[in-house]
Amino acid sequence: MRHPLDRLDPASAGSAPQLVALLRELRAASGLSIREVSRRARDRGDWLPTSTLAAVLNRDTVPRAEVVAALVRACGGDEAAVETWLAQCARISAADAADTGPVPRQLPSAPHAFTGRERELHLIDEHLQTASPRAVVLAGPAGIGKTALALHWAHRALDTYPDGQLYVDLRGFSGTDPLTPAPVLHRFLTALGTGPDDIPADGDERAAMFRSLLGHRRVLVILDNARSPEQLRDLLPGTGGSTALITARADLLGLTATHGVPHLRLAPLTREESMDLLDAMIGRGRVATDPEAARGLAAACGDLPLALRLAACQTLADPDRPLGELRDRIAQAPLDHLDLPGDEAAGLRACLDLTRAQLTPADRDVLDAIGLHPATEFEAAGIAALTSTALAPAEAALRRLAGVHLTTATPDGRWNVHDLVRAYAREHAAAHPDPDTALTRLYDWYLAATASTWEPLFAREPELIPDTDLPVPGFTGPEDALAWLDTRHGALTELIRHAAGRHPWHAGRLASALWRYQYLRGLRAEALDGLTTALDADRTLGDRAHEAAVLQQIGNTQRALGDLDRAERHLTAARAIAAELGDRRAELFAIASLGWCHSQRWRLAEARQCATEVAAGFRELGDADNEANAVDDLAHLDLLIGDNESAEAGFERSIKTFADRGWKQNLGAALAGLARLRLRDRDPDAAADLLARALEATAESGDEFGQAFIRSRLAYARARQGRYTEAVELAQQALDATAAAPSVELRLEVLNNTGFTYGVVGDPTTAETLHREALELVEESPDPYEEARARHGLGNALAAGGDRAAARVQWSRALRLHDSIGTYGRAELVDLLAVPAEEGAGNA
């Protein structure tokens, strides 16, 4: 039997529509449903959601390269077939149809005065030619030069990786918790152009998306300072031209066993290579003056690159000192670990003492402050806070320390130090006369800096801004604030964990201040970790008011994660504490959150009771803003249950308030709700006008997914107006924008809205496809209301196609669902079931 691919020649497609038509034919010839294709792609490690596949097969533009590759593989194509299809995609879309997105340039600078390692460089080249995945582990003890070798090779090979370089320190041996794959994947996917809302919460899906994005790019990934194979398996490129270089102090033979990743173990430099390094660092003339002393210096350093560099820096600091004297001093230091593997810290401690002795008192204070700082990467402002100095002197001292290879600037302007330098600095920091006061200044600065992101990001005042003598960042807009937090999220979580012991107040306040950003970015698990620390801190301090606030934040986070049982327990506890303290405002916030939990469980009567109490409570407090939000919640609930008169009154009231306050996102949602009522009144003209206003307001808020949702509603209104071309265009825009959205709820609503649109336009085939895809999503994430809408629309499509019996089955199921949860739609379905097949199309 011939394979479906055998009779399909992508070269026969001369345009994007013809290519997409061939892809549709390929899928049909495979005999697989859209859902089966998606499942096969996932099994092969590709990223191809059903919504994405359905959307691209209904468009006339060339899909992204990773989508085409995943589809061809899932339909049975080998890599040769994949390359054939991709080549034609490239020809049709003129070089950049693969939509490679941003080109990350995260590689740190090339190591200064790198010498030797020619054998290792050749072996890296050799291993990467044969390895699959293209990866190699550079293993060896601390100070052996693993990272220097990786970066030197990387800079030499830059032209081989035109699609960018990714870099991360995995902190395997850093004195802090090693990085897990999830936050690293989040960082890498963001760097490759993936929006934060498009990044899956599930770790396996994140890894699959990462491999898909690298599959047809040439990206170099440096995974520095790894600790275990478990850290790495999800970070390796799959097939294709991307490469990973891994550095580790321990052998990672588990990667060899499971992935065949070769190891290259680094030994100390040869004596001649050590001499070359000293030549490069201190000058050939200096070495030639006393070659015997230079060789003795190399021997005293054990030919260890880090020790040699530190020794060379000491020589540069005092150019008149004879090499023999330095050789003798190092020889007398406790460097026994070079002969006794595993005792690395002792020997390097003595080597670092030699460097520290040459520092000015101010620079020694900065080195000690680095040891006191809890985070792996740190700001110059943080060091200034710890040393109680101004920012400029702290920055100057860090630059001087970088000159003797004790500190390194990161690409984003922060600083870090080698693990063993940090361990050395921490030993000296133990003698700090008043570490608690220094750390209080540090935490105050970080809390003030984090709080300063609230106004540009959330248009609201933070809980508090501590006083600090140091300048906090100034942000020009939300993008600026997000970029600052994105690069510092790891450091902030380290600070929270560290503060939990002796500075619980700061731990709690910093976790609360960071929570809104984490919620916005979808970092829900990370948010829970910090909030749990905050909760323990509040209970240690007996701070009941803040405990109630943190309990509510925990409950809202768990609700967003779908853990409604725990969410309700925490929100109920928050409500009880607020009531106990007589804080009616905090109590009302907790009740509002409990109402949202009820809504997610489709306990609409309980949800409405909560919203009613919240609206009345804020009215009594004279808090018009929060009353308006509660009234809007009530209106949306009334819309669901079919109390159109109450919903209309609520929306008209909240629309006025939101417009007066300039709350664009809230205004867009309220206008869309009122428009839905106008559609029920069979007034599509009024509905379309409201939705056009809603689209404008939502666009001004920057909510891209909100715009897609409103376009899907406006598409239906335009179809009801008879403006079919515009309706289809809007529907496709909404489908394209939400094809890979992480919110299943959003995707369901857009699929159903556009399905009803195509039903009105007179395209029951497309309507049926969209409603069936919605039903597939419901199987993965139950939603009885959207399932009822999907079955309603599917029944309409089947009836339009002449299958009255099948339509009645779907309408009956939709009716039972509406009856079970008490939502609007029952009367219309009863009417549909009572009329002949050729009549009735139904509302959305």
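Cys597 is buried, with a relative accessible area of 0%, where buried stands for under 20% relative accessible area, exposed for over 50% and partly exposed for values in between (1.4 Å probe, protein chains only). The structure is a predicted model, in which local features need pLDDT of at least 70 and side-chain atom pairs count only at pLDDT 80 or more, while totals for chains, interfaces and linings use all residues. Residues are numbered from 1 along each chain as its sequence is written, and side-chain values use heavy atoms, with hydrogens and water left out.

With a disulfide taken as a pair of cysteine sulfur atoms within 2.5 Å, the count comes to zero disulfides. The sulfur of Cys75 is 14 Å from the closest cysteine sulfur, which belongs to Cys89, and this is too far for a bond. Cys75 is also buried, its relative accessible area being 4%. Cys597 likewise takes part in no disulfide, since the nearest cysteine sulfur, that of Cys610, is 9.2 Å away.

An open sheet of five strands shows parallel pairing in the order E2-E3-E4-E1-E5; helices (H or I, at least four residues) and strands (E, at least two) are DSSP runs numbered from the N terminus, and two strands pair if DSSP finds at least two bridges between them. Strand E2 (165–169) and strand E5 (263–265) stand at the edges, each with a single partner strand, so one side of each is left without a neighbour in the sheet. On average, and with direction ignored, neighbouring strands of this sheet are turned by 15° against each other, the axes being lines fitted to C-alpha atoms, for helices over the stretch in contact, and angles running from 0 to 180 degrees between N-to-C directions.

Strand E1 (residues 135–139) runs parallel to E5 and is joined to it by three bridges, and Ala139 stands opposite Arg265 in E5. Helix H7 (residues 146–156) packs on the sheet, where it touches E1, strand E3 (220–226) and strand E4 (243–248), and its direction makes about 160° with that of E4; contact here means heavy atoms within 4.5 Å. Helix H8 (residues 181–191) also packs on the sheet, touching E2 and E3, with a direction that makes about 155° with that of E2.

Seven of the seven residues of E3 are buried, so this strand is largely enclosed by the rest of the structure. Five bridges join E2 to E3, and the bridge partner of Tyr167 in E3 is Ile222. Five bridges also join E3 to E4, where Ala226 has Ala248 of E4 as its bridge partner.

Thr247 belongs to strand E4 and is buried, with a relative accessible area of 1%. The side chain of Thr247 makes a polar contact with that of Asp224 (2.3 Å); such a contact is a pair of N or O atoms within 3.5 Å, of which, within protein, one must be able to donate a hydrogen and the other to accept it, and residues adjacent in sequence count only if both atoms are side-chain atoms. A polar atom of the Thr247 side chain also lies 2.8 Å from the backbone nitrogen of Asn225.

In the largest nonpolar core, of 65 residues, Leu367, Ile370, Ile383, Leu386 and Leu398 touch the most other members, a core being a set of buried Ala, Val, Leu, Ile, Met, Phe, Trp, Tyr and Cys residues joined through side-chain atoms within 4.5 Å. Apart from it lies another core, of 59 residues, among them Ala688, Ile710, Leu751 and Ala807.
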